[in-house]
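Hi,

Could you take a look at this one when you have a moment? The structure is just below, and my notes come after it.

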Amino acid sequence: MNELILGIETSCDETGIALVRNGELLADVTATSMDEFARYGGIIPEIASRAHLESFIPTLDAALEQAGVTLDEVDAIAVTAGPGLVGPLTIGVSAAKALALALDKPLYGVNHIVGHIAVDQLVHGDFPDRFIGLVVSGGHSHLLKIDNIANTIEELGGTLDDAAGEAFDKVGRLLDLPYPGGPHIDRLSQQGDPHAIKFPRGLSRGKDKVSHQYDYSFSGVKTAVARHVEGLQARGEELPKADIAASFSFAVCDVLVEKAFAACQTHGCDTLVVGGGFSANSMLRAMADERAKELGVTVRIPPIRYCTDNGAMIAALGWSVANSGEVSSPLDITVNTGLPRETIVVR
């Protein structure tokens, strides 16, 4: 299938636009408003929405120029319809509808979470018939059994409270690190001892391990770090920030990796695909590679540039959906901030 797919991503604070033809990425341009939120310690949806409005046309123009194509050559438009923040999502979906109507082209409102997995095929080629997907980001931690990225996905488990990236941001604040905390904790952890402090592993012991086999919970380890920091400060002791960062990172990554590979074994999958902003974490990548060698499982993680939100992930998923002959979305689709992981295309 030689169709040219325009992908639009505006679920949070990145305006991402990309073009994919026949599984090949032609252009990927991202405008981010992340720097505007550092002083707030988190995303402000209204500011993010305004930033999308300001960035959309320049980002679209840049992507078309990079790909060397015109809007008239686009065959279909894919856009993130959820999950995400309602304001930013609405900006992207509204723009996609306008383009689809003006160009008389099919529209695919697709799942942001699934896009984090789909982008890997642009780098490492076609997916196997069945595999396990682990999506880890600022707001999401999910384990998926994927038979077909375009139409058949089962969610095995997900976060019951804080997602991995969210926990990292909160611990970053405890350690007085800049926002977002994830990259700073990652760098700091490389200087520390991951075994210096034994932090808890949520839903990994006793009956929780059975009743929540593939679910994640990181609020407990975040609280444990807070109590540890408070105790040191109350005694007037210096914070061993590198050891805290390393031990906390190890506790989180240990649970992520353990459950992901358990899912591979239980469901007879020899491939694990990891995506999302937190998949850029160096400890997670190292632990996944080490465990994969032990179990004979192939681990696929896209380059860091494709881990955070981007248009390439949506264009990639749109191309897979269109290539599979799936029915497109109607022009009256609405955004869904809590779109289920099993819903790949909104109709």
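Here is what turned up, starting with the ground rules.

It's a predicted model, where local features need pLDDT of at least 70, side-chain atom pairs count only at pLDDT 80 or more, and totals for chains, interfaces and linings use all residues. Numbering runs from 1 along each chain as its sequence is written, and side-chain values use heavy atoms, with hydrogens and water left out.

First, the annotated site. UniProt (an unreviewed entry) puts a "binding site" at Val135, Val136, Ser137, Gly138, Gly139, Asp169, Gly182, Asp186 and Asn281; such annotations may be inferred rather than shown by experiment. Val136 sits in strand S6 (strands are DSSP E runs of at least two residues, helices H or I runs of at least four). Val136 counts as buried because its relative accessibility is 0%, the limit being under 20% with a 1.4 Å probe, protein chains only. Beyond four places in sequence, its contacts (heavy atoms within 4.5 Å) include Leu256, Val274 and Leu284. Asp169, in helix H5, is also buried, at 17%, and touches Tyr179, Pro180, Gly181 and Gly182, again leaving out residues up to four places away.

Cheers

Technical notes
Buried means under 20% relative accessible area, exposed over 50%, partly exposed in between (1.4 Å probe, protein chains only).
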